[in-house]
Amino acid sequence: MKIIKKTIRYLFILGCIIVVIHIIHALTLDRIIQYKEIEFVSSRWPEELEGYRIAFITDTHMISNRRLERVVEELNARNIDLLLLGGDYMSLGHGIRYREQVAILSGTQTTDGIYGVEGNHDNYIRLFAAMEAYGMTPLFNTGQQIREGFFLAGVKDLWNNRPCIATSIEGAGDDFVLLLSHNPDVAMHQDTTHIDLFLAGHTHGGQITFFGLWAPYLVRGSITSYNQRFRYGWAESRSGTPVYVSRGIGGYVPRVFARPQVIIITMGAK
């Protein structure tokens, strides 16, 4: 009996420690944006574009203007060639500040411009109007050659519209193709055989997780149909295409072991 009581006491203490660790993490690191530098090497990437740098920002949601301005300042210090935006600027129920956020993001200094897709919380008509007003290019089941040998495509949101990868990559030829999609589930619903790299957001890294390893938020099936597969980081599509899912930089509830991040990809040729 004493052993059982001791075990219960130890488990209770352990549980309290775990809860405290998660609270501390939520109040500290989970409030600091991480600038995640990764490398992607492919035999299909043009050798002339060795070292090309792509920044990816998604799910800004309720981020303050000042915080977003600091993100732009940081990117301008990191020599970015291309900025990609993954959608979900503001939750519709909290009003729409597309013009404000797009105006700030347009201050990012790039070699080849700024491109973006819609998210499930976005009104694409208002969003794309704001983007075009500030010199950005919306991708809506469309694509464009950025450099010789490098084709960028973006699809409509899975919840709002009908994404079509095949339509978005028309004209890509034999170029390296980077596909931008807000929702990573598109990678499992459609053929990605002709995609070399797939970027997505939407899942917020699970938002509230157990040591960043498991997120009950994703188990419900209301955000993604693939459980923890697209929580964050590297995954694969149904066709075996590399998929990178960003945790995003905003959020509408506290993050717990799901630190906000900006992704910066340095491209390399094998």
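Which residues form one aromatic cluster? F40, W45, Y52, F150, F176, W234 and Y244 do. Before we look around them, a word on the basis: this is a predicted model, in which local features need pLDDT of at least 70 and side-chain atom pairs count only at pLDDT 80 or more, while totals for chains, interfaces and linings use all residues. Residues are numbered from 1 along each chain as its sequence is written, and side-chain values use heavy atoms, with hydrogens and water left out.

## Aromatic pairs

Rings of Phe, Tyr and Trp (its six-membered ring) pair if their centres lie within 6.5 Å; planes under 30 degrees apart are called stacked, over 60 edge-to-face, and the rest tilted. By this rule the count comes to 15 aromatic pairs. Here are two of them.

| Pair | Centre to centre | Angle between planes | Class |
|---|---|---|---|
| W45 and F176 | 4.9 Å | 90 degrees | edge-to-face |
| Y89 and Y98 | 6.1 Å | 80 degrees | edge-to-face |

Helices (H or I, at least four residues) and strands (E, at least two) are DSSP runs, numbered from the N terminus. W45 and F176 are both buried, a word that stands for under 20% relative accessible area, with exposed over 50% and partly exposed in between (1.4 Å probe, protein chains only). Y89 and Y98 are buried as well.

A ring can also have a charge over it, which requires NZ of Lys or CZ of Arg within 6 Å of the ring centre and within 35 degrees of the ring normal. The charged end of R247 is placed this way over the ring of Y232, 4.4 Å from its centre.

## Strand β12 and its partners

Strand β12 (residues 261-269) is largely enclosed by the rest of the structure, because eight of its nine residues are buried. Two strands pair if DSSP finds at least two bridges between them. Strand β1 (residues 34-42) pairs with β12 in the parallel sense, over nine bridges. F40, a member of the aromatic cluster, has M267 of β12 as its bridge partner. Strand β2 (residues 53-57) runs antiparallel to β12, and four bridges join them; A55 stands opposite I264 in β12.

## Two helices

Y98 turns up again in helix α3 (residues 98-105), where Y98, Q101, V102, I104 and L105 are buried. They cover an arc of only 160 degrees around the axis, so they lie on the same side of α3; the arc is that of the directions from the helix axis to the C-beta atoms. The buried residues of α3 pack against β2, α2 (65-76), β3 (82-85), β4 (114-116) and α4 (124-133), with contact taken as heavy atoms within 4.5 Å.

Helix α1 (residues 2-27) has 26 residues and spans 38 Å from its first C-alpha to its last, close to the 38 Å expected at 1.5 Å a residue. That expected span is 1.5 Å times one less than the number of residues. The buried residues of α1 are H22, H25 and A26.

## Two loop residues with positive phi

Most residues other than glycine have a negative phi. H61 is not a glycine, yet it has a positive phi of about 45 degrees. H61 sits in the loop between β2 and α2 and is buried, with a relative accessible area of 0%. N79, also not a glycine, has a positive phi of about 55 degrees. N79 is in the loop between α2 and β3 and counts as exposed, at 62% relative accessibility.
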